[in-house]
Amino acid sequence: MIPAHIVIAGASGGIGRALVQTAAERWPETLIHAVARSSQTYSQPNIKAYEFNLTHFSDCESFVKKLSESTSKVDLGIYAIGTLNGTGKRPEKSLNEVDDRSLGETFRINVSGAIAFAKALKPLFRHCDPSRLLFLSAKVGSIGDNKSGGWYSYRISKAGLNMAVKNLAFEYSRANCATVLAAVHPGTTWTDFSKNYVEHWEKGRVAQPEVTAARLLDLAAALKEADSGRFLHWDGSVIEN
């Protein structure tokens, strides 16, 4: 699959930035629509920057109106926006650290934003060409894989995201979109998002953003219709919900 139009939400994040750059280098004729809540500049002519906060339904709708001036279809979309704790705190280690604001903000960013993104983009995926829509999840959102507890807001929101993607896959299919939707664990990656938690990990357990980006783009190209709605590891293997 050589996409004509790619949308990357969260283009200012560690993985998001790498996705934009890697996609632009891999497909020089592809137009990369890079969306972030802060202003971004790129030297490559096939990258177009947008400033929107896609965790809000209204901003998603405004972005798609702007995007529609450039194209009537999208071939690949990736929601690479996420937070460990919506109020900027460290992930909760115990119930005593959980509060309604952290839970609410984490859910809004990790789940509500993803749904808003899928809702707004849906008309641009309603075409007959194969397309892909990925949402960056995390293995700690697997209920079956949870062996230690903790990280309440992050775990719960990612589990919620996985269910949302399952629902969205049905919705897109019923709307005759030839789109495979998947929640994807990108693997632990060295970014500002994760560095405080992996700085003492042995070398080889943490990937650089460029490696993760290449893996995600490879996965997008390899997805089959049967994968729609699944929670996948970056290597394509299925993770238990």
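A salt bridge is a side-chain nitrogen of Lys or Arg within 4 Å of a carboxyl oxygen of Asp or Glu. The exercises below use that term.

This is a predicted model, in which local features need pLDDT of at least 70 and side-chain atom pairs count only at pLDDT 80 or more, while totals for chains, interfaces and linings use all residues. Residues are numbered from 1 along each chain as its sequence is written, and side-chain values use heavy atoms, leaving out hydrogens and water.

**Exercise 1. Describe the fold of the protein chain.**

Step 1. Take the elements. The protein chain has 6 helices and 7 strands. These are DSSP runs, numbered from the N terminus: helices are H or I with at least four residues, strands are E with at least two.

Step 2. Read their order. The pattern along the sequence is β-α-β-β-α-β-α-β-α-β-α-α-β.

Step 3. Judge the packing. The radius of gyration of the protein chain is 17 Å, close to the 18 Å from the globule rule for 241 residues, so the chain is as compact as a globular protein of that length. The radius is taken over C-alpha atoms, and the rule is 2.2 Å times the number of residues to the power 0.38.

Step 4. The C-alpha trace spans about 50 × 40 × 35 Å along its principal axes.

**Exercise 2. Find what Lys 73 pairs with, and where the partners lie.**

Step 1. Start with Asp 75. Lys 73 forms a salt bridge with Asp 75, with the closest N and O atoms 3.6 Å apart.

Step 2. Go on to Asp 129. Asp 129 also forms a salt bridge with Lys 73, with the closest N and O atoms 2.4 Å apart. Asp 129 sits in the loop between helix H3 (100-125) and strand S5 (131-136), and Lys 73 in the loop between helix H2 (57-67) and strand S4 (76-79), so the pair ties together parts 56 residues apart in sequence.

Step 3. Join the pairs. Lys 73, Asp 75 and Asp 129 are linked in a network of salt bridges.

Step 4. Check the cover. Buried means under 20% relative accessible area, exposed over 50%, partly exposed in between (1.4 Å probe, protein chains only). Asp 75 is buried at 6%. Lys 73 is partly exposed at 22%. Asp 129 is partly exposed at 34%.

**Exercise 3. Is each residue of the Arg 230 and Asp 227 salt bridge buried or partly exposed?**

Step 1. Confirm the pair. The side chains of Arg 230 and Asp 227 meet in a salt bridge at 3.0 Å, N to O.

Step 2. Apply the cut-offs. Arg 230, at 35% relative accessibility, is partly exposed. Asp 227, at 13%, is buried.
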